[in-house]
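Hi everyone, thanks for making time for this one.

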Amino acid sequence: MALSGTMVKQVTIMSDGDVFHEIFRYRPHHISEMSPDNIKGVNLHEGEWGTVGSVIEWDFFHDGKPKVAKEVIEAIDEEKKSVCFKVIGGDILEAYKNFLITVHVDTHGEENVVTWTFHYEKLNESIPDPDSLMEFCLNVTKDIETHHLPKCD
């Protein structure tokens with residue numbers, strides 16, 4: 001059983017892919033309004049929203065418990081519409097030595113594909129793969145889509 005892994009999942013959304021990317025880049029603090037059952041709050045600790053090197057803290061509800069993740073924005077690619085977050089503190093690091101999260105949007109007219117990629121290293125072999133965390137991210141994606149659908153007429 002490998003300690004390091006990569007997990008990739010995609011979901012098609014009907015809402016605007018450019019708006020979706022902009023939310024994760026510049027306005028992650030608005031996601032708690034779009035997915036209130038999952039995201040309780042997002043706070044900026046260092047830097048500016050949408051800037052590489054900025055530190056963001058996510059308060060979220062996962063697996064029936066309130067949790068925290070502190071992340072630094074590692075990379076932003078406007079052309080590819082991607083944002084990469086490196087987890088630097090919080091509950092995720094209780095199970096993983098390293099954890100990178102990339103959210104990327106491919107825009108194709110009416111249909112847009114959101115790709116979530118996790119690169120991770122477990123602390124030990126008894127740690128499960130982050131399937132439930134991926135499911136959580138897909139649920140947040142669907143909540144953001146639902147929030148924006150009425151505005152896409």
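The largest cavity has a volume of about 190 Å³. By cavity I mean a set of points, on a 1 Å grid over the protein atoms alone, where a 1.4 Å probe fits but cannot get out; lining residues have an atom within 4 Å of a point. Points are joined across faces, edges and corners, and a volume is the space filled by probe spheres set on them. This is a predicted model, where local features need pLDDT of at least 70 and side-chain atom pairs count only at pLDDT 80 or more, while totals for chains, interfaces and linings use all residues. Numbering runs from 1 along each chain as its sequence is written, and side-chain values use heavy atoms, with hydrogens and water left out.

Back to our cavity: 15 residues line it, and Trp 58, Glu 71, Ile 101, Phe 136 and Cys 137 are the closest to its centre. At least two lining residues come from each of β3 (55–62), β4 (65–77) and α3 (131–148). Helices (H or I, at least four residues) and strands (E, at least two) are DSSP runs, numbered from the N terminus. The largest share, 4 residues, belongs to α3. And what is the lining of the largest cavity made of? It has 14 nonpolar residues, no polar and 1 charged. Here Ala, Val, Leu, Ile, Met, Phe, Trp, Tyr, Cys and Pro count as nonpolar, Asp, Glu, Lys and Arg as charged, and the others, Gly among them, as polar.

On to the helices. Helix α1 (residues 17–26) packs with α3 at an angle of about 120°, their axes 11 Å apart. Axes are lines fitted to C-alpha atoms over the stretch in contact, and angles run from 0 to 180 degrees between N-to-C directions. So α1 is oblique to α3, oblique being whatever is left after under 35 degrees (roughly parallel), over 145 (roughly antiparallel) and 65 to 115 (roughly perpendicular). Val 19, Phe 20, Ile 23 and Phe 24 of α1 meet Thr 141, Ile 144 and His 148 of α3, contact meaning heavy atoms within 4.5 Å. These contact residues divide into 5 nonpolar, 2 polar and no charged.

How values were computed:
On a 1 Å grid over the protein atoms alone, a cavity is a set of points where a 1.4 Å probe fits but cannot get out, and a pocket is an open set with protein on both sides within 12 Å along at least five of seven lines; lining residues have an atom within 4 Å of a point.
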